[in-house]
Amino acid sequence: EIAQELIHVSSDDKMKLLLGILKRENPESVIIFCNTKRSCEVIAKRLQINQINPLCYKNIFYSILNICR
């Protein structure tokens, strides 16, 4: 079963919220949609700093950050 949720949050709080959700829920896999390649790279680096291993995939329209545990 796939669960999805939309949470509105300020830009300043996005990474803190993402890390909190990932640590609390500990999902098997997650897809995070980013609007630029650079955003994907920044998120990937922040996740690595927090001991979460991201695998990045990019295409023409948007960047997807797929985190598999």
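I began with charged pairs and found that the structure holds two salt bridges. A reminder to myself before going on: this is a predicted model.

**Entry 1: the pair Arg 24 and Glu 25**

I then checked how open the two residues are, and both Arg 24 and Glu 25 came out as exposed.

**Entry 2: the pair Arg 38 and Glu 41**

My next stop was the salt bridge between the side chains of Arg 38 and Glu 41, where N to O is 3.9 Å. That value still passes, because the cut-off for a salt bridge is within 4 Å. I traced both residues to helix 2, which covers residues 37–49. Arg 38 and Glu 41 sit three residues apart there, about one turn of the helix.

Are these two partners buried or exposed? I looked up each one. Arg 38 has 56% relative accessibility, so I noted it as exposed. Glu 41 has a relative accessible area of 32%, so I put it down as partly exposed.

**Entry 3: the largest pocket**

The largest pocket holds about 1,400 Å³. I counted 31 residues in its lining, and the closest to the centre are Glu 5, Leu 18, Val 30, Ile 31 and Ile 32.

Which element gives the most to this lining? I found that helix 1 does, with eight residues. At least two lining residues come from each of helix 1 (14–25), strand 1 (29–34) and helix 2.

I also sorted the lining of the largest pocket by residue type: 18 are nonpolar, six are polar and seven are charged.

**Entry 4: Asn 50**

Where does Asn 50 lie? I placed Asn 50 in the loop between helix 2 and strand 2, the strand being residues 54–58. Its relative accessible area is 22%, so Asn 50 is partly exposed; the cut-off for buried is under 20%.

I then asked what Asn 50 touches, leaving out residues up to four places away in sequence, and got Leu 19 and Lys 23. Lys 23 is 27 residues from Asn 50 along the chain, and I noted 9.8 Å between their C-alpha atoms.

Technical notes: Residues numbered from 1 in each chain as written. Predicted model: local features only at pLDDT ≥ 70, side-chain atom pairs only at ≥ 80, totals over all residues. Heavy atoms only, no water. Buried < 20%, exposed > 50% of the residue type's maximum accessible area, 1.4 Å probe, protein only. Helix = DSSP H or I, 4+ residues; strand = E, 2+ residues; numbered from the N terminus. 1 Å grid on protein atoms, 1.4 Å probe; cavity = no way out; pocket = protein on both sides within 12 Å on 5 of 7 lines; lining within 4 Å. Points joined across faces, edges and corners; volume = space filled by probe spheres on them. Nonpolar A, V, L, I, M, F, W, Y, C, P; charged D, E, K, R; others polar. Contact = heavy atoms within 4.5 Å.
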